[in-house]
Amino acid sequence: MKTNRRNFFQTLGAGAAGAGLASSHYPSGAGTRIRSGVDEQVLFIGDDIAVADTRYGKVRGYILRDIHYFLGIPYGAPTGGKNRFMPPRPRNPGRMCFRPWVGKHRPPEHGRPLCQRLRFLCRPLELRRRERGLPAAQCVHALPLRRKETARAGLVPRRRIHRREWNRTGQLQRENLSRRGDIVFVSVNHRLGPMGFSNLSRVGGDAFRDSGNVGVLDLVAALEWVRENIVNFGGDPDNVTIMGQSGGGSKVRTVTGMPKARGLFHKAVVLSGSIRLWAQKETSETLGEYILREAGLAPGDVAGLQALPWPEYYALANRAVEKMARETGAGTGMGGFAPVPGTEVLPAEPYYPGPTPLAENIPMIISSTSEELSPSRTRPDLENITLDEVVEQVKIRAGFEAGLGDKAREVVDAYAKSFPDKKPVEIWALISANRKTTVDLADSKAKQKAPVYLAWFTWQPPLFDGRMRAFHCLDISFWFHTTDFMITHTGGGKRPRDLSDRMSDALLQFMRTGDPNGGGLPHWPAYTSEKGEVMVLNDRSEVRNDPDREARKSLG
């Protein structure tokens, strides 16, 4: 499908022309062109500025620094009450707030977060919403924003849905990548934690067979919204990239294995998201029984759970996880709530033991950071730890996973041999952030026709005496070209910006073509299991062949 960019701009109304665009792109009488400058107006908002069509009516946004923002657009029906635990539903034109808009729907701020832990960043916005009488956790939204006429790719970056794990919230706007690459950048929120992954199929019967996966079904609904509407924002529904970091990266992998998502996206990017986060079907069904008992409801009374206020349900569901862990020793990962494979929605774990055939033609970038979590980040005393002390530490805990036990000495010695220039605390960090699952994912994906490109981000920020190292989430600002904004992560300035220039251009090239080459980094070959080609990202980026292979073998 070709993008009708002329039609998109004709819907924007007065003041829609961005800097440097020819006025002939706009209909007669469209209004005065906007020229951005350091001394000129940068925000434009009004009744006839940045108006676009959707299948459900017109939406109105605003223009900020030449970027067109359309925020808080619902992509599905409310998810509370009888819709709790149920697959997402299209907006019903007959329902209040979801009928075709009379006039123009105008959300000048972010859509309502599916707020589940009020102590997180969404609290002020959520409290304001509740003060207006709007129910929490009732709606899902898409947040498209676009720049100028040459836009091509639709981007649904999973990192921008919700960062880390399956039950945290956070929405941060990113305009730099849209400006740099002329892309349509779409970010969505969706049901998380107990709201998105409570498997009640055993206690509720066939009506709730999909309850353990409604959180990822929301993502499919969002991608369907993109397919149906993105052309009206200047995007191309035939060139959509999905991208995520940490838990968001795992969501990307999950979506690639969902039959309902097939054909809705064309490229995928997984950042620090290779750890397997899926729930076991049997365990998740048992957790559903614990939830019902914790609520004090009769067997099968899922309607009683649907009637509970969402904060009450959220709290009791987490208590049920703790009780099940105490009594059975079982857990489902990610705080108890994660997608459930072995179901119609998610037939199998997408890449273990082999890759899902649904992703056969999907090119992929897989990346991780070299340390993920530096042990001495907030403890300067650990900079002088010895290798023997590292052995004792990794026996108990190795980063995000369990300790190595009796294998600790063998693993520490292997990493110290492979990285003789590293201090003991850095060896500890490398072990804790080892690339085993990252390489396993790349090996699985490499069996398919579409290429996979592997990266290892090793850039060290000059902050806290160098103790932060290449930590979990640091690389996001480099991919999205926001290093001058995320100065708490990068320190700002030319050094991180230069690397960000190259990384973001490679990412944009990948979004356009499925190949990151030509975007500023050195030649980046597709990964093969035989050579283990990986782009090591640093001030001077270079391709190396599996630099930690021998050390990684010690992990078993």
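Two strands pair here if DSSP finds at least two bridges between them, and helices (H or I, at least four residues) and strands (E, at least two) are DSSP runs numbered from the N terminus. With that settled, β2 and β3 form a hairpin, with two residues between them. The two strands run antiparallel, and four bridges join β2 to β3 (residues 57-60). Within the pair, Ala52 sits opposite Val59 of β3.

The model is a predicted one, in which local features need pLDDT of at least 70, side-chain atom pairs count only at pLDDT 80 or more, and totals for chains, interfaces and linings use all residues. Residues are numbered from 1 along each chain as its sequence is written, and side-chain values use heavy atoms, with hydrogens and water left out.

As for the overall picture, the protein chain carries 18 helices and 18 strands. Of its 556 residues, 58% count as buried, where buried means under 20% relative accessible area, exposed means over 50%, and partly exposed is in between (1.4 Å probe, protein chains only). The accessible surface of the chain comes to about 22200 Å², and 51% of that belongs to carbon and sulfur atoms; areas come from the Shrake-Rupley method with a 1.4 Å probe, and for residues only the protein chains shown count as cover. Taking contacts (heavy atoms within 4.5 Å) with a separation of 6 or more, 71% are between residues 24 or more positions apart.

On to the interior. A nonpolar core is a set of buried Ala, Val, Leu, Ile, Met, Phe, Trp, Tyr and Cys residues joined through side-chain atoms within 4.5 Å. The largest one has 90 residues, and Met258, Ile291, Tyr313 and Tyr415 have the most contacts inside it. Helix α6 (residues 214-229) gives the most to this core, with nine residues. Apart from this core lies another, of 32 residues, among them Ile183, Val269, Leu474 and Trp524. Leaving aside neighbours within four places in sequence, Tyr313 touches Arg84, Phe85, Pro194, Met195, Ser198, Ile291, Leu305 and Leu308.

Helix α13 (residues 424-432) is largely enclosed by the rest of the structure, because eight of its nine residues are buried. The buried set runs to Val425, Glu426, Ile427, Trp428, Ala429, Leu430, Ile431 and Ser432. These residues pack against α11 (387-396), β14 (397-398), α12 (408-418) and β16.

Most residues other than glycine have a negative phi, and most peptide bonds are trans. Asp66, in the loop between β4 (62-64) and β5 (67-69), has a positive phi near 70°. Asp66 counts as buried because its relative accessibility is 11%. Arg469 also has a positive phi, near 55°, and is found in the loop between β16 (452-457) and α15 (476-479). With a relative accessible area of 4%, Arg469 is buried. A cis peptide bond, with omega about 5°, joins Tyr352 and Pro353; Pro353 belongs to the loop between α10 (310-328) and β13 (364-369).

Ile45 is partly exposed, because its relative accessible area is 39%.
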